[in-house]
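Dear colleague,

Please find below the structure that I am handing over to you.

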Amino acid sequence: MTADASEAPAEDDGAPAASRRRLWWPAALAAALALALGVPALVASGTSASGSSSLTAPATDSPEAGFARDMATHHQQAVDLSFIVRDRTADEPVRTLAFDIINTQANQRGMMMGWLDQWGLSQHSPAKPMVWMAMDHGYQAHDGSLMPGMATNTQLAKLRTLSGRDAEVFYLQLMLEHHKGGVEMAQGYVDLAKNDTEKRLAQSMVVGQTSEIQLITDMLKERDAAPGVPAS
């Protein structure tokens with residue numbers, strides 16, 4: 001899924017410049033990463049997707065393939081959540097955050113899908129999500145929530161029924177947990193990585209989403225709302 005830059009919400013002329021910079025930098029980072037990581041890795045002749053001289057593709061059960069598949073799935077839900085809230089509120093900071101997440105995570109998802117294609121591997125696997133990690137996260141998939149941090153189908157349906165501040169707060173609560181799960185998975189891959197290019201992308205996810213976790217926490221405080229997703 002992609003987002004047209006023309007759909008970006010107009011900035012509030014009264015918003016502090018520092019706040020606007022804080023909200024917009026993740027999208028700029030994503031564009032830079034696409035150029036620095038994705039394009040050279042996918043078009044370099046005679047090299048693997050790692051950018052090295054090795055022509056050996058990762059195995060289908062490798063951390064490289066597992067991370068690409070699982071994070072792509074995780075990212076897709078973040079994009080879906082962000083499209084939902086974009087149409088449920090007129091609040092500029094929340095819409096801007098949603099736009100940034102759509103751009104960043106759709107971009108990164110495309111890069112990971114491209115690597116799987118270049119490696120000649122399926123974009124889907126019957127293996128349990130995150131089985132490639134060297135730790136037992138003990139997460140039990142339920143109601144469409146396949147990995148830590150992912151919203152359930154029930155929560156997605158609830159978000160679609162909300163509007164205004166209620167939609168903003170519920171989205172921020174869902175996205176806070178989503179980012180925490182994403183950071184855990186990305187760091188898990190960094191610790192196991194053998195592919196330098198994919199490792200750099202995962203490291204950028206840890207840095208970018210950790211920063212957004214603080215931003216989202218601050219946005220919840222501004223709305224007198226607590227972190228944590230209320231029981232449905």
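Confidence. Please bear in mind that this is a predicted model. The protein has a mean pLDDT of 82, with 76% of its residues at 70 or more. Residues 1-54 have a pLDDT below 50, yet in the model this stretch makes 89 contacts beyond near neighbours in sequence. I would ask you to read those contacts with that pLDDT in mind.

Helix pair. Helix α3 spans residues 92-118 and helix α5 spans residues 164-190. Their axes come within 11 Å and cross at roughly 35°, and the crossing of α3 past α5 is left-handed. On the α3 side, the residues in contact are V94, L97, A98, I101 and Q105; on the α5 side they are E168, Y171, L172, M175 and H179. By class, seven of the residues in this contact are nonpolar, two are polar and one is charged.

Largest pocket. The largest pocket holds about 260 Å³ of space. Its lining consists of 17 residues, and those nearest the centre of the pocket are R69, D70, S125, A127 and P129.

Loop residue Y139. Y139 lies in the loop between α3 and α4, the latter formed by residues 153-161. Leaving aside residues up to four places away in sequence, Y139 touches K128, S145, L146, M147, P148 and M150.

With kind regards

Terms used. Residues numbered from 1 in each chain as written. Predicted model: local features only at pLDDT ≥ 70, side-chain atom pairs only at ≥ 80, totals over all residues. Heavy atoms only, no water. 1 Å grid on protein atoms, 1.4 Å probe; cavity = no way out; pocket = protein on both sides within 12 Å on 5 of 7 lines; lining within 4 Å. Points joined across faces, edges and corners; volume = space filled by probe spheres on them. pLDDT = per-residue confidence, 0-100. Contact = heavy atoms within 4.5 Å. Axes fitted to C-alpha atoms, helices over the stretch in contact; angles between N-to-C directions. Helix = DSSP H or I, 4+ residues; strand = E, 2+ residues; numbered from the N terminus. Left-handed = near helix turned anticlockwise from the far one by under 90°. Nonpolar A, V, L, I, M, F, W, Y, C, P; charged D, E, K, R; others polar.
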